[in-house]
Amino acid sequence: MSVQVKMLFSESAFSALRRTPRDFAKEMRVAAAVKWYEAGVVSQGKAAELAGLSRASFLEALSRFKVSPFQYETGN
């Protein structure tokens, strides 16, 4: 089952980022998945799925966003 989510942005947002609305949506999806992975909210596999990428492509995205592919907890 798929769910569609709609968000409204001004047209100037796309020109400022030099992205088409379609490319902007793809990049936003990847950025959200990377952030959720970095925060430990989702696993690497689930983050890749949310990003719409293969696991290997998601690892490349982590590198592009300068996020470690390893999740670890610091002992408190």
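Visitor: Are α3 and α4 roughly parallel or roughly perpendicular to each other?

Guide: Two packed helices are described by the angle between their axes and by the distance between those axes. In this predicted model, helix α3 (residues 44-51) and helix α4 (residues 55-64) pack at an angle of about 90 degrees, and their axes lie 9 Å apart. Angles of 65 to 115 degrees count as roughly perpendicular, and α3 and α4 are therefore roughly perpendicular to each other.

Visitor: Which residues make the contact?

Guide: On α3 the contact involves Q44, G45, A47, A48 and A51, and on α4 it involves R55, F58, L59 and L62. By class, the residues of this contact comprise six nonpolar, two polar and one charged.

Visitor: Which residues of α3 are buried, and where do they lie around the axis?

Guide: Q44, A47, A48 and A51 are the buried residues of α3. They cover an arc of only 100 degrees around the axis, which puts them on the same side of α3. These buried residues pack against α2 (21-38) as well as α4.

Visitor: What follows α3?

Guide: G52 follows α3, and its phi is positive, near 75 degrees.

Visitor: How many helices and strands does the protein chain contain?

Guide: The protein chain has four helices and zero strands, in the order α-α-α-α from the N terminus. Of its 76 residues, 20% count as buried. The C-alpha trace spans about 45 × 30 × 25 Å along its principal axes.

Definitions and conventions: Residues numbered from 1 in each chain as written. Predicted model: local features only at pLDDT ≥ 70, side-chain atom pairs only at ≥ 80, totals over all residues. Heavy atoms only, no water. Axes fitted to C-alpha atoms, helices over the stretch in contact; angles between N-to-C directions. Helix = DSSP H or I, 4+ residues; strand = E, 2+ residues; numbered from the N terminus. Parallel < 35°, antiparallel > 145°, perpendicular 65-115°, else oblique. Contact = heavy atoms within 4.5 Å. Nonpolar A, V, L, I, M, F, W, Y, C, P; charged D, E, K, R; others polar. Buried < 20%, exposed > 50% of the residue type's maximum accessible area, 1.4 Å probe, protein only. Arc of directions from axis to C-beta.
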